[in-house]
Every structure is written in C-alpha cells, then in structure tokens.
Amino acid sequence: MYYDIKVGSVTNAQRGHRILKQNAVKSSVIRIFKPSGVEGCGYALRVMSQDKSRATELLRKNGVRIIGDDK
C-alpha cells in the first residue's frame, strides 16, 4: 500500500525526494490531477505505508512544507 505526502510544488517534491533517497526511504514524485486551490501546483511524494512516519519526520526536519496527505 502506498501513502501520498502532498507538498504542493515540484521544487519541494524534488527536494523531498532527494532527502528521502539520502536516508534510504524509497519514494517517487507524482502529480496530483485536478488539485484543489490549497494543494498548490499539485505535487506529492509517494512512499510505502510502512515508511510514512519516517518520511514525514525527515521532510519536516529538513524544512519541506507538507500541505496534506492521502492513503
């Protein structure tokens, strides 16, 4: 099962992907189709569900703004 961490911009998604990769957390940058206004440009990082807590902690610790999440 996957977990999507919404970051809003492609820049934050790429930065977050790099941070997670450096910390051995597999992720991919995905585009959210038809994002709502609060979702920015509509980008997210997809991680495995078991990595959810570690990924969000690493992103927040490194200053990547998280704007939401989805299962």
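In helix α1 (10–22), the residues Asn12, Ala13, Gly16, Ile19 and Leu20 are buried, where buried means under 20% relative accessible area, exposed over 50% and partly exposed in between, with a 1.4 Å probe and protein chains only. Seen down the axis of α1, these buried residues fall within an arc of 130 degrees, so they line one face of the helix; the arc is that of the directions from the helix axis to the C-beta atoms. The face turned away from this buried side carries the exposed residues Thr11, Lys21 and Gln22. Helices (H or I, at least four residues) and strands (E, at least two) are DSSP runs, numbered from the N terminus.

The model is predicted, so that local features need pLDDT of at least 70 and side-chain atom pairs count only at pLDDT 80 or more, while totals for chains, interfaces and linings use all residues. Residues are numbered from 1 along each chain as its sequence is written, and side-chain values use heavy atoms, with hydrogens and water left out.

The cover over the buried residues of α1 includes β2 (27–31), β3 and α2, and just after α1 the residue Ala24 takes a positive phi of about 60 degrees.

In helix α2 (residues 52–61), Ala55, Thr56, Leu58 and Leu59 are buried. They cover an arc of only 160 degrees around the axis, which puts them on the same side of α2, whereas Ser53, Glu57, Arg60 and Lys61, on the other side, are exposed. The buried residues of α2 pack against β1 (2–6), α1 and β3 (43–48), contact meaning heavy atoms within 4.5 Å.
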